[in-house]
Every structure is written in C-alpha cells, then in structure tokens.
Amino acid sequence: MTREEYLRDMVRLWLGLPAGAEVPPLPDHLAARLLRDEERASHHRDQWGCWEFGFSDAHHRGALLVPEIDQWLADRRAAGCGGTPMWPDGHGFALAVSHDVDDLSHHVTPAQWARVARLRLAGRGGVKGRLRALAEGLPVTAWQALAIRPAPDLAATVERALDIEAELGIAASWFFTVWPISHASPYDCTYDPDDPCTFRGRRATVAEVIRAVAQAGHDVGLHGSYPTAADGDALAAEKARLERVLGRTVASTRQHWLHWLVDETPGHQAAAGLMIDGTLGFNGSAGFRAGTSLPFPSWPSGILEIPLTVMDAALFRPGAMGLDLDLAVTVVGQMIERIAAAGGLLSLLIHPGQLTDPKVETLMRRVIGQCLDRGAWTATHAAILAHWNRRAARLG
Ligand SMILES: [Zn+2]
C-alpha cells in the first residue's frame, strides 16, 4: 500500500464510507502531521531520546491542543460526506482510561530496592560516567532505603484506581512491566511478577494482582521497558513473560516513558504480535501529537494507535505543564469540548502510583464524570480494537 492509498483508506474508514466510495483528500499538512513526517525530518530528541511537544510544528502554530484532523473530518461529515458513525450505540465521542503501573506502591521490597540501586548506580561511559552516576544516584538510593517493606501495600494506588473504576462503572486498560529487563535504563520500573505485595489486606504476588485486574474486567497490556522501543526481541520476551503470568495473549501496549521511535517501535510492536498501542503523546504536555484523537492503524506497521491525549504527570509535573488542579481541569475540559464536538476519543492516563496525591484522584473523577455526563462511550483499548475491526470489516 502506498502512502497515498493509505491516506485515502484512512479517511474512508474514519468517515465510515464503504470500499470504493469517493473520498475527499486529506490536506497535505494534516497528512504530514498524521504520518509524523517531522519526526523523520529532524533527529533532535530530548535528554531521554523522546520527541517532545516543543519540537512540533503544531506547537509553534498554537495548534498542539487542537485535533485538526478530527475537525477537518467533522466538517466533511457536516458537508454530507459521512457514512457509518465512528462510535457504537449513538455515542458522539469516546473515553479510554488507562494506567501505566510504573510504581506499585510508595514502598518497595528489598529486591526491588536492590534493582533500583543497581540501575541508578550503573555507570554509563567509562570511569567519569560511573563516578557521576554514583554522585547522582547514591543520595536518592540511600533515601529510598527508608521505603523498604517486605510486602508493600497497594491500597492507596492499584486498589484505589480499581475502586474508583468499580464505583463509576467503567473498565480501563492497565499496563504492567515485567522484570528482568534486558539492558534496563535508570528510568525503568523494577517490580517482578513474582515479587510479594499486600493486596486487599492479604499477602499476594504481583502476578496475582495482574490476574485480579484482568478478572475485574479490565484490559491488561504490556508496559514495554524503555529499551524495547528499539529492541524487538526484548519487547517480544517481555510480552511472552506477561502472557505466561496472565494465562492469555496480550494485544495492548504502551511504551514506558513514552519512548517511541517513529521508524522502529511500531514495527517491533507488530512483529511481537501486539495489536494496539497507546504511546503517541507527550511527557511534557497534553496535546495531539499526530493531529488526531481518533484511533488509526499506523503506516506501514498496521498496529492500531490510540493517541494519548493527556496524562497526570504532563499536567502537574513542574517542568512539564506544572498546572494546579483548577487549571488542569480547565485545560482538559477545553480538550473534551473539542473532542466531543469533533466526535473523537479522549485517552486519559492516570498513574496508580500518583493517586496518593489527592489532586490526581480529583482530576480522574472530574474528567471521567464530565465525559460520562456528555454521553461518551467508555472503552478499554482492547474494546476499541474489537470495535474498530468489526466496523472496518463491515465497511469492506
Ligand atoms: Zn511508564
């Protein structure tokens, strides 16, 4: 499939038109934003090797928070070009809540602490690098020793998120990492499925927690480690480990640290048998990295992308947007307005480890509440994949 054929088919599927229908051409600047041409044109990345919002043309034009492609599609529908609606059962837009389980708890087991220490103190680039790693890593590592517990309690983190979702009657996508990680970075997560924890007041293993999340009706996916963005074999090994823990296949994924390389990662994900990715967003800001909130099969890998619209860390972290709760709710509220008006999808990422901060829980409840009040279809990434495939098959 050529680039032009792909773009024509993409617009056809978004508009819900049957095979062979006349399709309006996607304007060039929107096609470039969708296909991430700017991420190929410049090799500049941030200190973590990520493409950040400040590099993007949409940011420079003041359009980072505008789903330009969705608005263009909504205009085409209004002009009579639309067919089958995007979302099921008369819903005008959709909400997908997800969780990256980076930290299970604010406490760590002795083994987890030892892994953190090893990663922090692992030098990079010879003697100088090792000395610098020691100087930077030692104080943090020593301080973290105070957080050691034999079986860290998940009540304020994982259990809290599960309870909020049960109360609101929604299912989410939960992304877990596995250990060991091949060539782990200092940014990687350090829990193992066999590690002990305290879940619902009883001693359990992390593997039992992962299975309990799936049994509660949530979608469990892989949170591929930092190096797997560029290492297909490691990504496949992590997926296989999570599948052994879960006892079923894993289709959903999001790369840890949003470490995603435009010409490498989607291919590695597809080759590993993953089918839906939620990585395409920013660490430093809310926004529409590909100009759309809508799902789309990435080209040429075919893996279904669910663009990440907004996450807690990007809104609140000093150095990212650094907002307070009121401003964060306002900014996300404006995005919900635009997404609802254009019939898009709000992808909201909440880190369970951050739920000990009351403003993160309030944000989560308010955003979900606003979307439900406005009639959003709420779905896991796996449910969106199933819906997308059914709808695309019907359209031919
Ligand atoms: Zn992560």
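The model is predicted, so local features need pLDDT of at least 70 and side-chain atom pairs count only at pLDDT 80 or more, while totals for chains, interfaces and linings use all residues. Residues are numbered from 1 along each chain as its sequence is written, and side-chain values use heavy atoms, with hydrogens and water left out.

The protein splits into domain 1 (1–107 + 149–396) and domain 2 (110–148), with bounds from an automatic or database domain assignment. Their C-alpha centres sit 31 Å apart. Where they touch (heavy atoms within 4.5 Å), domain 1 brings 14 residues and domain 2 brings 10. About 1,100 Å² is buried between them, 49% of it from carbon and sulfur atoms; buried area here is the accessible area (1.4 Å probe) that two parts lose on being put together, summed over both. Arg149, Pro186 and Thr190 supply 50% of what domain 1 buries against domain 2. The rule finds one salt bridge across this interface, a salt bridge being a side-chain nitrogen of Lys or Arg within 4 Å of a carboxyl oxygen of Asp or Glu.

Now for the backbone. Most residues other than glycine have a negative phi, and most peptide bonds are trans. Trp179 and Pro180, though, are joined by a cis bond with omega about 5°, and the bond from Trp299 to Pro300 is cis too, with omega near 10°. Arg36 has a positive phi near 60° and is buried at 2% relative accessibility, whereas Asp89, with a positive phi of about 55°, is exposed at 72% (buried is under 20% relative accessible area, exposed over 50%, partly exposed in between; 1.4 Å probe, protein chains only).
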